[in-house]
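I opened the model to look up contacts, cores and a few helices. My entries follow.

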Amino acid sequence: MSSAEITNKTAAELSQAMTAGEVTSEEVTQAFLDRIDAVEPKLNAFLHIDAEGALNTARAVDAARAKGEELGPLAGVPIAVKDIVATKGMPTTAASKMLEGWIPPYDATIVERIKAAGMPILGKTNLDEFAMGSSTEYSAFGATRNPWDLGRIPGGSGGGSSAAVAARMAPLAVGTDTGGSIRQPGAVTGTFGAKPTYGVNSRYGLIAFSSSLDTPGPVSRTALDAALLQEVMGGHDPMDATSIRQALPSVTEAARSGASGDLSGVRLGIVKEFATGEGADPGVVAAYQSSVDALVKLGAEVVEVSCPHFKYGLPAYYLISPSECSSNLARYDSVRYGLRVGDDGTRSLEEVMAATREAGFGPEVKRRIILGTYALSAGYVDQFYGQAQKVRTLIMRDFEAAYESVDALVSPTTPFTAFEFGSRTQDPYQMYLADLYTIPSNLAGGPALSVPSGLSDGLPAGLQVMAPTMRDDVSYRIGAAFESTQAPLLSDQTPDVAGKEVAQ
């Protein structure tokens with residue numbers, strides 16, 4: 001099997017090939033490392049590559065398979081991990097100067113589970129600093145480029161993970177989703193991205209941005225691949241106080257069931273407030289309408305539902321998440337964590353702290369810290385943060401009311417396709433609009449995923465599927481069924497990264 005054949009296979013296909021003895025994990029891992037060597041210089045999707053560690057894991061899996069040991073369904077399948085997840089012995093920077101060069105002494109729980117499953121970790125992927133952004137332009141170590149168009153963003157904050165999977169540098173990746181940071185990059189790179197129910201995947205070992213919103217999840221090319229990874233990552237963790245003890249219904253079974261393309265008896269809600277496509281690219285609206293038509297042809301019943309408070313999700317999110325970010329990032333004070341500059345013996349602690357935070361944090365992180373600190377300040381906490389939490393409750397009630405009459409909700413994933421570098425960095429509000437459709441699910445805590453839904457002017461768009469809390473299986477079934485109508489369009493195409501020139 002050639003390297004090109006290997007890197008174009010899905011994770012499930014690679015697993016089957018290894019089980020059948022058609023290829024070894026070492027050969028698979030080396031093929032992806034070779035692919036990284038070929039295209040990574042044009043994309044900057046990785047902040048660290050661990051070729052030796054990945055190959056050692058692959059060889060260990062091959063030896064275990066040769067001995068007839070029982071292995072998990074993803075044993076030997078390589079994976080990339082977003083660089084906001086702690087990895088023992090491997091740099092973890094959150095794409096920030098504040099943590100440059102930091103090597104954790106422990107693994108995040110989800111990394112422990114990935115390692116226990118025998119999955120070689122190829123390296124750590126790029127992101128917006130501390131996961132704050134929608135374009136990966138705010139990485140302290142350079143922006144990641146979209147494999148479909150090197151002059152455009154790959155989404156954010158998890159643009160490195162989505163670009164790595166889209167460019168066939170990894171069959172799977174780990175992302176984190178605070179306001180859409182798995183789904184929005186998935187939409188603009190033509191990959192499958194899932195945000196599980198909050199609390200289903202452990203946050204232990206994640207570098208905190210917004211603790212009530214941060215959710216790790218899978219990035220892949222197919223619903224089945226994402227489901228297989230979710231079942232590796234998920235499960236109760238006593239190290240995480242927000243971890244849910246209840247087990248999810250099998251998302252792998254749901255994905256396999258959905259692949260038949262039968263949605264008979266499924267009732268889908270079109271979110272009235274998102275259906276108009278106000279402010280959205282015409283091509284995105286057209287792709288969404290075609291997606292709804294495809295779901296109807298699969299047997300789904302589609303009705304319009306109103307979620308009147310969704311329109312307040314964006315302002316509520318940009319009060320809640322900066323407030324929590326301000327609290328979480330207070331630990332980077334030049335004393336306890338991270339960078340320390342200006343300590344020449346002549347400055348006070350306060351001066352060293354100010355110099356360190358000025359040097360260590362980038363512009364978007366500073367913006368959100370300032371906004372969050374103000375929202376939490378005396379005299380304003382009830383007016384801003386408290387009111388935003390009330391809106392959050394209203395959004396939860398909108399979801400609950402909608403799910404009384406429908407099984408799931410659908411919408412576009414993002415209002416527009418990948419935009420050009422620099423086109424939105426001068427206007428933060430225009431950047432924040434990238435998460436307009438994804439934020440409500442984070443505020444409510446329910447599962448949501450993005451499925452590739454075709455091309456708009458040659459660039460990918462995404463369909464978002466939202467489901468009730470702990471019913472991730474519903475979203476996977478619908479996502480897999482819809483995916484069966486789209487497979488010829490995106491799943492078998494590889495963006496021609498190698499043949500593209502990077503604009504200077």
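I took contact to mean heavy atoms within 4.5 Å. With that cut-off I looked up serine 411, leaving out residues up to four places away in sequence. Serine 411 touches Phe274, Tyr288, Tyr437, Leu463, Gln464 and Met466.

This is a predicted model: local features need pLDDT of at least 70, side-chain atom pairs count only at pLDDT 80 or more, and totals for chains, interfaces and linings use all residues. Residues are numbered from 1 along each chain as its sequence is written, and side-chain values use heavy atoms, without hydrogens and water.

Next I placed serine 411: strand β9, residues 408-412. Strands (E, at least two residues) and helices (H or I, at least four) are DSSP runs, numbered from the N terminus. Is serine 411 buried or exposed? Serine 411 counts as buried because its relative accessibility is 1%. Buried means under 20% relative accessible area, exposed over 50%, partly exposed in between (1.4 Å probe, protein chains only).

Then I checked the nonpolar cores, sets of buried Ala, Val, Leu, Ile, Met, Phe, Trp, Tyr and Cys residues joined through side-chain atoms within 4.5 Å. The largest has 104 residues. Leu74 and Phe130 are among those with the most contacts inside it. Apart from this core lies another of 31 residues, including Ile270 and Val465.

Last, I looked at helices. Helix α6 (residues 159-166) has 8 of its 8 residues buried. Just after α6, arginine 168 takes a positive phi of about 65 degrees. Helix α12 (residues 313-328) is mostly covered too, with 14 of its 16 residues buried.
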